[in-house]
Amino acid sequence: MSNDAWRTKEAGPTLLTARWVVGHQNGRRVLFEDGEVVYDNGRIVFVGHHYKGPVARRIDHGMALIGPGFIDLDALSDLDTGVLGLDHQPGWKKGRVWPRDYVDAGPVEMLDPEELAFQKRYAFAQLIRNGITTALPIASLFYREWNETAAEFSSAAEAAESLGLRVYLGPAFRAGHSVVEPDGSIVVEIDELRGVEGLKTAIEFCATHENRSGGLVRTMLSPDRIEFWTAELLRRTAEAARDLDVPVRLHCCQSSFEVETIRRRFGMTSASWLQQIGFLSERALLPHGTHADRNDLDIIAGAGATLVHCPLVMARHGAALDHFSRLRGSGLRIGMGTDTWPPDMILNMQLGLMLGRVMAGEIDTPRSADLYDAATIGGADALHRPDLGRLQPGAAADIVVFDLSNDRLGQIIDPIACLMTSACGRDVHTVIINGRTVMAEGRIPGFDFEAAHQRAQAQFNRLVARYPERTWRHPSVDEIFPPTYRRLRA
């Protein structure tokens, strides 16, 4: 296939067949055995058996599952420095919170525009590789002077357009940050002016870029963590999201530090405070919910907001949602996010299923279909996009083909159960977004995964080398991140 063919939608109806197809019938999920999917001009025109219309091409994927693309509401879009916190705690001693002398000297940008642009393109390719067709990027602000910029997100839009990824973009902004004092105590400092500037930039970005590239690029507002905000600025952010009619994502209910900070500053829980100031609505996307009590979660559900479930990254730090099935049964809207490396939605579904059962005990445990629905329909509903997350006539042709022919997967009686037991993101064979084939046989045209990995590692090494300057008491890199075992060098 020529490069030009990769960059454009296929001309004329394309018919795909596979051993299984996840479709809809009478508004409900169904699994078509030896099913067919037909798409044309970026839209699904048929799902089922025995299509009678004309086709320009037929592709048989054999022992495979064809399903809707995953929707990642909290998609990693930089190099995952979270790995540095896996065995190196507490974070405030390991460069995850700025020390006072670093703040007083003036925080600096640790990544230049070219590095930021590379990170987005690299991360977007990895998302596609794992079957994610719609992504709401998230990156760390630890390494920034303050907020993300409109320029870097304009570059991100270009990367998404080039690769064919459907995205919701918006520069992250904040009104405060944590500081480690010389004695080791941690304080939160608020800079309302910078918060106002960040909101203004984000609004202007939305106004400029919404519905770019025929709707492949949409926008959102992305205020940073809840503990770094004032009531007035969050109210203004929620009002802006309403006026722009865009999603607004705010990380909350995700750490004991947050819980303690919100109680100290406002005398209540995070969800109670968001309800009191009028922030919550059906536009609100709230990662992660692991440190919310039942009343908090009831408040979120009552407001129609969506909890963004990221089980892998939270489980690495000993936290889990309590609990998935009960919350869905109570009416809480739940979508999925990856938020770490690898951006493997299958792995996240697997962990979500296992942790959901651990937290539930023997009563009301989640099923494989529940996690699969959260990763597809849940995300689509959170974005108010009935044309996403479903393979049915009229929906966007966002399609993922999973190769199930590998004997590593073992015996298969049900393909969705197979995804939850033995599959992984690398079993994604083909990805189609908006009717354009953006990956086939694991290859993304014009993207060299090996070269990109080498560049990413070199960039990561440079970032780690600068950790001492922004770590409390400025220890060496080896002191900040001691090896798992004693290293012996030749």
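This is a predicted model: local features need pLDDT of at least 70, side-chain atom pairs count only at pLDDT 80 or more; totals for chains, interfaces and linings use all residues.
The phi of D364 is near 55°, a positive value in a residue that is not glycine.

D339 also has a positive phi, near 65°, and lies in the loop between β18 (333-336) and α12 (345-360). D339 is buried, however, at a relative accessible area of 15%, which falls under the 20% limit for that class. As background to both residues, most residues other than glycine have a negative phi.

## Cis peptide bonds

One joins Q89 and P90, with omega at about 0°, and P90 is in the loop between β6 (70-76) and β7 (98-99). Another joins P287 and H288, with omega at about 20°, and H288 belongs to the loop between β16 (284-286) and α9 (294-303).

## Helix α4 and its buried face

Helix α4 spans residues 150-163, 14 residues in total, and reaches 20 Å from its first C-alpha to its last, close to the 20 Å expected at 1.5 Å a residue. Its buried residues are E152, F153, A156, A157, A159, A160 and L163; seen down the axis of α4, they fall within an arc of 160°, so they line one face of the helix. An α-helix has 3.6 residues a turn, so residues three or four places apart point the same way.

Just after α4, G164 takes a positive phi of about 90°.

Terms used. Residues are numbered from 1 along each chain as its sequence is written. Side-chain values use heavy atoms; hydrogens and water are left out. Helices (H or I, at least four residues) and strands (E, at least two) are DSSP runs, numbered from the N terminus. The expected span of a helix is 1.5 Å times one less than its number of residues. Buried means under 20% relative accessible area, exposed over 50%, partly exposed in between (1.4 Å probe, protein chains only). The arc is that of the directions from the helix axis to the C-beta atoms.
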